[in-house]
Amino acid sequence: MRRQSFLVLIATLAIAACSQAETAAPAIAEPATLEDPSDDSAELLLEETALDVEPLPPRPLPARPAARRQAEQGPMTLEQMLERAERGFDRADTDSDGVVTTAELEAAAETLPNARNWTRADRDGDGRLTRDEFRSVVAWRFQRMDADGDGQVSLQERQARRGGDEG
């Protein structure tokens, strides 16, 4: 019973406060008068107190994570490149059937770099990227990047193939 009485009291006070707020006339504030900006002494004071600060030199941008990782890896063999690429393939192949479908590819494109380009690896054009198709394209790309034919792709060869300096 006490709780009900307390709730009734709170409701009554709330209603009373609302009714008083509606009847109160809103206070109209007078706009503040602005001083005439022709007073040059304020501007002179600001100019005198301004700090003479030289701009900071631009900071060098940190290496992109992929470029930093590639620099740490050093030269990459075909086997290493296939291992790395197949880890991405396995991530995209969500049902683990050895085939990346169009739907799996679209979902993977949000998290895997260059996954949208994998559609070109579908050699027979059936909309299904098999592991063999994927491996053959990775091997082809490796051969194109290995400019000196030593069986390893160096950081410089990877950068040259991409057409720019990433380091």
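Contact here means heavy atoms within 4.5 Å. The model is predicted: local features need pLDDT of at least 70, side-chain atom pairs count only at pLDDT 80 or more, and totals for chains, interfaces and linings use all residues. Residues are numbered from 1 along each chain as its sequence is written, and side-chain values use heavy atoms, without hydrogens and water.

**View 1. Leu-82 in helix α4.** Helix α4 spans residues 78–92 (helices are DSSP runs of H or I, at least four residues, numbered from the N terminus). Leu-82 is buried, at 10% relative accessible area (buried is under 20%, with a 1.4 Å probe and protein chains only). Beyond its neighbours within four places in sequence, Leu-82 touches Arg-135 and Val-138. Its C-alpha atom is 7.4 Å from that of Ala-139, 57 residues apart along the chain.

**View 2. The crossing of α4 and α6.** The two axes come within 10 Å and cross at roughly 140° (axes are lines fitted to C-alpha atoms over the stretch in contact; angles run from 0 to 180 degrees between N-to-C directions). Contact residues include Leu-82 and Phe-89 of α4 and Phe-134 and Val-138 of α6.

**View 3. The largest nonpolar core.** This core holds 21 residues (buried Ala, Val, Leu, Ile, Met, Phe, Trp, Tyr and Cys, joined through side-chain atoms within 4.5 Å). Helices α4, α5 (102–108) and α6 (131–145) each supply at least two of its residues. Trp-118, Leu-129 and Phe-134 have the most contacts inside the core.

Conventions. Buried means under 20% relative accessible area, exposed over 50%, partly exposed in between (1.4 Å probe, protein chains only).
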